Amino acid sequence: MNKDSKTNYDRHREKLMQDEEFRKAYAELDPVYELIRAIVSYRVEHGISQKQLAERIGTRQSSISRFESSAQMPSFSFIRKIADALDLELEFHVRPKVA
């Protein structure tokens, strides 16, 4: 087994995170990325393909792929459709920023 269990994404992200401007932009979008990662993990863990999920919400597999790759910022209504199709409940928390 390969001792380096990092994915290409992980290695690429580490390289990008060395740039100060990228880190700031990433921090602003991190909650969105975290939500997408959680949805993808749930879908995969439950054996649901991108195609099956797309069929459940009436869209194309390519739309699910773009959502999962964070190729474009998803709308709230699209996220809600995906959550409903996976029988997930969305929760949002608002808290003061940590200084």
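Predicted model: local features only at pLDDT ≥ 70, side-chain atom pairs only at ≥ 80, totals over all residues.

Residues are numbered from 1 along the sequence as written, and side-chain values use heavy atoms, with hydrogens and water left out.

First, the pocket. The largest pocket holds about 920 Å³ of space. A pocket here is an open set of points on a 1 Å grid over the protein atoms alone where a 1.4 Å probe fits, with protein on both sides within 12 Å along at least five of seven lines; lining residues have an atom within 4 Å of a point. There are 26 lining residues, and Pro31, Val32, Glu34, Phe92 and His93 lie nearest the centre. Helix H2 (20-45) supplies the largest share, 10 residues. The lining divides into 17 nonpolar, 2 polar and 7 charged residues.

Next, the core. The largest nonpolar core has 13 residues, with Leu53, Ile64, Phe67 and Ile82 having the most contacts inside it. Such a core is a set of buried Ala, Val, Leu, Ile, Met, Phe, Trp, Tyr and Cys residues joined through side-chain atoms within 4.5 Å; buried means under 20% relative accessible area with a 1.4 Å probe, protein chains only. H5 gives the most to this core, 4 residues.

Last, Gln50. Gln50 sits in helix H3 (residues 50-57) and is buried, at 19% relative accessible area. Beyond four places in sequence, Gln50 touches Arg43, Gln61, Ile64, Ser65 and Glu68, contact being heavy atoms within 4.5 Å.

Note on methods. Points joined across faces, edges and corners; volume = space filled by probe spheres on them. Helix = DSSP H or I, 4+ residues; strand = E, 2+ residues; numbered from the N terminus. Nonpolar A, V, L, I, M, F, W, Y, C, P; charged D, E, K, R; others polar. Buried < 20%, exposed > 50% of the residue type's maximum accessible area, 1.4 Å probe, protein only.
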